[in-house]
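Colleague: I have a few "how do you know" questions about this one. Could we go through them together?

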Amino acid sequence: MDLLLPPLFPDLLLDLLSMALLIGGVFLGISGAVGVIRFPDFYTRVHAAGVTDTLSAGMILAGLMLQAGFTLVTVKLAFILLFLWLTSPVASHALARAATHTGAKPVTATSGEPSSSN
Amino acid sequence: MFAATAIGILVVMALALARAFLGPTICDRILAVNMFGTKTVLLIAVYGFLTGRPDFLDIAITYALINFIGVIAVLKFVEGLADSERQPRPDEF
């Protein structure tokens, strides 16, 4: 089996894998951002923003980690990733809580009319 | 490859800014600014890799910390704003 693989097997695979991760992260980010633009009311937008904050950031940082290999840079990237994964849900929760207090009404099937026209 | 990622992240930041300007309620704007800040963290990290300078990651860590604190502070202010002008609901007493 290993005869078939090109000699520079680990570097080629790492580059391809990190490229795939980076492209996937950017794709998720753009789809989340389009969701933030197009969704009818505030609560659906919080969901769309949550997608970009966690998974898209995770894939992009994982792609960078593969490029960095086992160095201090990877430890810093892991810390950023861990910090983003812990704090962005907290921020989204605080945001939704503040929105309910300031009276943002979710768009339900009955109400139909979006609470914010855009 | 990093340049393409950086351009992709810039597109996401532009869309987030568009929501910040469009956003009817104040919480939409805070949401957009929070998303913009998180993407700035990623942009700094990718740009650090693009120019081959690993010390950019310290800036990215600092910015992630500050962005989170800023969003929580603004939300506390917004909630205080809402509490002051809102009549206390009967079930609160």
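Modeller: Happy to, and please keep in mind that this is a predicted model.

Colleague: How do you know that the length of helix H3 of chain A agrees with its number of residues?

Modeller: Helix H3 of chain A covers residues 72-101, which is 30 residues. At 1.5 Å a residue they should span 44 Å, and the end C-alpha atoms are 43 Å apart, so the two values agree. Just after H3(A) comes A:Gly103, with a positive phi of about 85°.

Colleague: What makes A:Arg45 and B:Asp28 a salt bridge?

Modeller: The rule asks for a side-chain nitrogen of Lys or Arg within 4 Å of a carboxyl oxygen of Asp or Glu. Here the N to O distance is 2.6 Å, so the pair meets the cut-off of 4 Å. The rule finds three salt bridges across the interface of chain B and chain A, along with nine residue pairs in polar contact.

Colleague: Which helices of chain B supply at least two residues each to the side that touches chain A?

Modeller: Helix H1 (2-22), helix H2 (26-50) and helix H3 (56-85) of chain B each do. By class, that side has 29 nonpolar, four polar and six charged residues.

Colleague: How many residues are in contact, and what area is buried between the chains?

Modeller: On chain B, 39 residues are in contact with 43 residues of chain A. The buried area is about 3700 Å², and carbon and sulfur atoms give 81% of it. In chain B, the most area is lost to chain A by B:Arg19, B:Leu31 and B:Glu79, together 16% of what that side buries.

Technical notes:
Residues numbered from 1 in each chain as written. Chains lettered and ligands numbered in written order. Predicted model: local features only at pLDDT ≥ 70, side-chain atom pairs only at ≥ 80, totals over all residues. Heavy atoms only, no water. Contact = heavy atoms within 4.5 Å. Buried area = accessible area lost by both parts, 1.4 Å probe. Polar contact = N/O pair within 3.5 Å; in protein donor to acceptor, adjacent residues only side chain to side chain. Helix = DSSP H or I, 4+ residues; strand = E, 2+ residues; numbered from the N terminus. Nonpolar A, V, L, I, M, F, W, Y, C, P; charged D, E, K, R; others polar. Expected span 1.5 Å × (residues − 1).
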